[in-house]
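Please look through the model below before reading on. The numbered points that follow go from the fold to the core and then to the salt bridges.

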Amino acid sequence: MFGGGGDVVSMLSASISYMAVIILFFMIGIFYLLSFGTTLLYQIFIFPVLIVFGLIFIWGSNLISFIPFLLLSIVLAYIGAFLFIKNEISVFFKYFFFVVLGIFIVLTNGYLGISTAQIELSNIKFITVLIASFIFLLSSYSLSRKKDLEFLYAIGTLFSVFILFPILETGYSRLACVNGDISCVDSKIQIYLSVIAIIIFALSNWILPFINKNIISEKSTFKNLLFGSVAGIVFIGIELFRYGVEYFPGVETGLAFMFLAIIYFILSFLMIKKIGIDVIKSEKSIDGANKNTVLLYLGISISLFSFAIALVFSNVKEVVSMVWLFEATILFYFFSKIKEKKIYVAGLVLFAIGVLNLFTLLDVVKAKDFWFLVPFTIIFVFFVFNLKFLDKFYSKKYYKIISHDIFHIIGISVLGLLLKTIIPNTHHGWSILGISIFLTVLSWTYSFFNSGLLRRFFEFSLIAFFLIHIFNSEHIISLIDSSEKGYLRILQYISTVILGFSVYIWNYFNKEKVLNITINISYSIYLLIITSIYVFDIFSSTFFVTIYWGLLSAIFIFYGLQKNILKYRTLGLYLLSLTAGKIFLLDIWSGFDNAIARVAALLIIGILFIIISIAYSRKLGNNLKGEFSFSNFYGESYNKVKKR
């Protein structure tokens with residue numbers, strides 16, 4: 001038989017003879033096994049494949065055309081034999097059986113992969129090899145559903161990766177296509193078949209855990225799921241990369257991995273739905289097997305997504321930041337559902353990376369880059385969703401949520417700096433207006449959540465901004481005058497109104513009234529000072545500021561008397577005292593300029609003093625006890641808390 005290597009007919013006859021002998025020998029071995037025991041089990045399993053390796057070694061490339069049919073025959077014979085004797089052999093020999101068959105197919109396909117570099121396989125032979133390979137894969141997956149055979153999922157996946165990799169076609173000979181060679185057509189068809197094979201492999205690898213309960217419900221088989229899933233995703237990723245480099249270089253490769261990441265996000269969601277949130281939360285006896293399954297899918301999806309973004313947007317820093325924060329938001333969402341600390345830690349790490357990456361944007365963003373407001377808004381939305389998902393854990397003191405709050409504060413601070421950079425630095429008050437709007441949004445956001453640290457951060461930020469506005473207002477007004485753009489004063493007025501609106505929102509939505517006291521008092525002081533600056537700017541006289549203070553104090557006192565609200569009367573008395581102090585310490589010593597304004601101011605304030613005195617006497621008599629107490633500003637809610 002060996003001498004007929006040059007004759008196709010004789011080689012075909014020899015190949016068929018060898019196939020028949022192999023199958024016959026195998027059947028005899030199985031009969032011997034069933035009749036006399038397992039003494040020669042190793043030889044029975046290994047000897048047929050050794051015959052095929054002998055054929056390959058002796059005939060070499062002359063046998064390349066018949067190896068696919070030999071391969072298919074051996075695979076069918078082995079799988080058929082296994083189904084026939086599976087109840088007669090131990091679990092060890094069942095795994096050993098598939099390991100031997102897998103090694104045989106890997107070596108055979110490896111030899112075919114090397115040989116086809118010089119000798120092209122026809123489409124029929126290529127399909128034959130694929131059929132043999134998938135018979136092994138699908139048989140392993142199908143049998144992994146049996147008890148004690150769960151690890152066939154990992155074994156089948158690992159071997160199938162090495163089985164398919166050498167034979168899949170990613171490219172064809174351009175020279176052959178130019179010359180009209182028929183092999184070009186075959187190569188194209190085999191490329192399409194290779195893509196179909198990858199899709200079938202991927203679908204099989206993804207679907208099996210959903211139909212095989214043993215894989216996801218037993219902690220002892222979690223490593224099986226881990227190795228099977230990771231091996232599958234590595235193979236799919238490598239093939240995507242190979243095909244991407246060959247046909248879609250650049251962005252398309254990254255998009256392919258992003259698509260794969262989205263698939264695994266969907267699989268994670270479906271796995272949670274399949275297992276059930278209640279089961280995942282309450283599981284104790286299986287020691288976290290279901291949780292680990294969900295974590296595995298999430299880890300794969302996040303890794304793929306990060307890699308995809310690195311490929312697609314390697315030079316767009318704001319997109320990279322958005323992706324890190326998006327992944328963190330996804331993990332915080334799952335943490336809110338599952339309450340698994342590992343997910344929180346992973347999400348926190350990604351969140352920290354995304355926040356720190358925001359610092360790189362300070363060198364990228366420039367003034368008037370208004371397009372950046374789009375990623376700016378998206379990033380802020382991620383911050384808000386993170387708070388929403390973690391909010392219920394603040395009251396329970398669940399797992400050091402304060403660590404998230406610290407990075408949140410850093411991130412919000414960087415966003416504020418970025419916003420200031422985007423707004424044109426004309427010193428006309430545009431930045432003040434922009435930050436005022438941003439603080440108003442923050443007041444509305446933080447008032448809905450339970451983080452004490454973030455509320456204190458907002459209070460500090462608002463008070464700091466009050467001071468910044470006060471100390472910069474005169475400079476801004478002088479620049480407006482020098483540039484002859486007096487109409488821009490309205491920006492200052494609008495900013496003050498917006499800040500008042502933010503304080504109103506904070507008081508309206510914030511249920512813990514005690515926390516509002518600091519902001520209310522701070523805003524009242526800010527409002528008095530900034531509006532006094534506006535009055536002085538309009539009338540260019542300090543006496544009109546005195547009149548303004550006097551009128552304001554009268555309004556508070558009369559309103560407090562009419563409505564019998566003590567804190568307004570107290571506030572009015574303090575303002576009236578401040579007005580009197582200004583008159584005696586400043587106004588009467590300010591020289592003889594604006595004498596008419598000074599006389600008018602003193603006259604008006606004197607009249608207000610008389611009217612207020614009469615009103616107080618009619619309402620309260622001469623009893624002013626407690627009217628000047630600073631605790632009047634706190635209200636009843638504060639006093640109740642203090643008594644406790």
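**Notes on the model**

1. Arg489 counts as buried, with a relative accessibility of 17%. This value, like the others here, comes from a predicted model. Arg489 forms a salt bridge with Asp537, and their closest N and O atoms are 2.6 Å apart. Asp537 also counts as buried, because its relative accessibility of 19% is under the 20% limit.

2. This pair links distant parts of the chain: Arg489 lies in helix H20 (residues 489–509) and Asp537 in helix H21 (residues 516–539), 48 residues apart.

3. The whole structure holds two salt bridges. Another pair is Arg456 and Glu459, whose side chains meet at 2.8 Å, N to O. These residues are three apart in helix H19 (residues 452–482), so about one helical turn separates them. Arg456 is partly exposed at 43% relative accessibility, whereas Glu459 is buried at 4%.

4. As for the overall fold, the protein chain has 25 helices and zero strands. Of its 644 residues, 50% count as buried. Among contacts between residues at least 6 apart in sequence, 75% join residues at least 24 apart.

5. The largest nonpolar core contains 145 residues, and Leu101, Ile412 and Tyr446 have the most contacts inside it. Helix H14 (residues 317–338) supplies the largest share of this core, 12 residues. At least three residues of the core come from each of domain 1 (15–250) and domain 2 (252–314).

6. Which residues does Leu101 contact, leaving aside its neighbours within four places in sequence? They are Ile74, Val75, Tyr78, Ile79 and Phe136. A second, separate core has 11 residues, including Ala554 and Ile583.

How values were computed
Residues numbered from 1 in each chain as written. Predicted model: local features only at pLDDT ≥ 70, side-chain atom pairs only at ≥ 80, totals over all residues. Heavy atoms only, no water. Core = buried A, V, L, I, M, F, W, Y, C linked by side-chain atoms within 4.5 Å. Buried < 20%, exposed > 50% of the residue type's maximum accessible area, 1.4 Å probe, protein only. Helix = DSSP H or I, 4+ residues; strand = E, 2+ residues; numbered from the N terminus. Domains from an automatic or database assignment. Contact = heavy atoms within 4.5 Å. Salt bridge = Lys/Arg side-chain N within 4 Å of Asp/Glu carboxyl O.
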